[in-house]
Amino acid sequence: MRLFIVFSVVLLTILTSCGGNKSGQVSEEVPADSANNDSLLLDSLETLAENYPVPKAADELFDDFVFNFVGNRKLQMERIQFPLPCQKNGKTTKLERKDWKVEHFFMHQGYYTLLFDNEQHMEIVKDTSVNHAIVERIHFDTRSVEQYIFYRIRGAWMLTMLRNIPFSKDVNATFLTFYQQFVKDKSFQEKSLAETVKFVGPDPDDDFNMMEGIITPDTWEAFAPELPKKMIYNIIYGKPKREGDSKIFVMRGIANGLEVEMTFKRKKGDWKLVKLTT
């Protein structure tokens, strides 16, 4: 994680100097004059990464590798198997090296999102035996998922295929459909709360402790986090598993301290929020 830590320091510095998101809230609307700031940020990260030796240990954990992959143009080109197979609508084409555009994934937005089945499943990010991972870019407007499929081959992570699938084919199909309505419809959101929602968050009177409480539907508005509505990312570590009846949605800032965990349980076919951690 060493290079990722350096990324975070540089990212925080640039975001601050460019008047970045100080509140830690999600913003999907990009002002016209922010394009230069985004370009400055990504150029700075690339310059840093390309002049910083990639440690061999970066291939042990996919999280370490992917932050190097998105920030280092040279490394990225070395870690793609060209011609790259691209599957869409049942057809497979091949993408040549000259046609590849550098992929930064979630770096431009300053936060990323993940979906886990439960708290035990969250530990998989630390599992060095994982040799397969899929980065998903999930589009709610088209209800489609772009999948970037990676394998660790002879000790080195490689991008081996691109695939575009509809929601219905994704391992988190029912939850994605639920999430789309949950973030857009306040009435549906309130109906999707458990009778009581456990809350865990920082104690305003003690920076070193957390406080616990209960959120009821009538107090939800005061606690409801701002969530991305148009697109989210996810990383599937290892072999995808069949969708279960619990899901943890994680939203984590790259350098701004943002941290949100929302635990959902499916009861009688309906997803319900049962816990919020900030």
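Two strands are taken to pair if DSSP finds at least two bridges between them. Strands (E, at least two residues) and helices (H or I, at least four) are DSSP runs, numbered from the N terminus. The model is a predicted one, in which local features need pLDDT of at least 70 and side-chain atom pairs count only at pLDDT 80 or more, while totals for chains, interfaces and linings use all residues. Residues are numbered from 1 along each chain as its sequence is written, and side-chain values use heavy atoms, with hydrogens and water left out.

Strand β5 (residues 144-153) runs antiparallel to β6, and ten bridges join them. Two residues lie between the strands of this hairpin. Arg-154 takes a positive phi there, near 50 degrees. Strand β6 spans residues 156-166 and is mostly covered. Eight of its eleven residues are buried, where buried means under 20% relative accessible area, exposed over 50%, and partly exposed in between (1.4 Å probe, protein chains only). Strand β6 also pairs with β1 (residues 84-88), in the parallel sense, over three bridges. Lys-88 has its bridge partner in β6, namely Asn-164.

Strand β4 (residues 132-139) runs antiparallel to β9, with seven bridges joining the two. Ile-138 stands opposite Ile-232 in β9.

Contact here means heavy atoms within 4.5 Å.

The loop between α2 (35-50) and α3 (62-71) holds Asp-59. Asp-59 counts as buried because its relative accessibility is 11%. Neighbours within four places in sequence aside, Asp-59 is in contact with Phe-65, Arg-79, Arg-152, Gly-155, Ala-156 and Trp-157.

The largest nonpolar core has 35 residues. Such a core is a set of buried Ala, Val, Leu, Ile, Met, Phe, Trp, Tyr and Cys residues joined through side-chain atoms within 4.5 Å. Among the residues with the most contacts inside it are Phe-62, Val-135, Leu-159 and Tyr-237. At least two core residues come from each of α3, β1, β3 (111-116), β4, β5, β6, β9 and β10 (246-253). Helix α3 gives the most, with six residues. Leu-159 touches Phe-69, Arg-79, Ile-80, Gln-81, Leu-84, Trp-100, Tyr-148, Ile-149 and Phe-150, with residues up to four places away in sequence not counted. Another core, of 29 residues, lies apart from the largest one. Its members include Val-145, Ile-165, Leu-176 and Phe-178.

A search of the whole structure finds 28 aromatic pairs. Rings of Phe, Tyr and Trp (its six-membered ring) pair if their centres lie within 6.5 Å; planes under 30 degrees apart count as stacked, over 60 as edge-to-face and the rest as tilted. The ring centres of Phe-62 and Phe-65 are 5.9 Å apart and the planes stand at 45 degrees, so this pair is tilted. Both residues lie in helix α3, three residues apart, about one turn of the helix. Phe-62 is buried at 3% relative accessibility, and Phe-65 is buried at 2%. Phe-62 also forms an edge-to-face pair with Tyr-237, at 6.4 Å centre to centre and 85 degrees between the planes. This pair links distant parts of the chain, with Phe-62 in α3 and Tyr-237 in β9, 175 residues apart. Tyr-237 is buried, with a relative accessible area of 6%. One aromatic cluster includes Phe-62, Phe-65, Trp-157 and Tyr-237.

Strand β12 (residues 270-277) lies parallel to β7 (residues 193-203), joined by four bridges. Strand β12 also pairs with β11 (residues 259-267), in the antiparallel sense, over seven bridges. Leu-276 in β12 is the bridge partner of Phe-199 and of Met-262. The hairpin of β11 and β12 has two residues between the strands, and Lys-268 in the turn has a positive phi of about 55 degrees.
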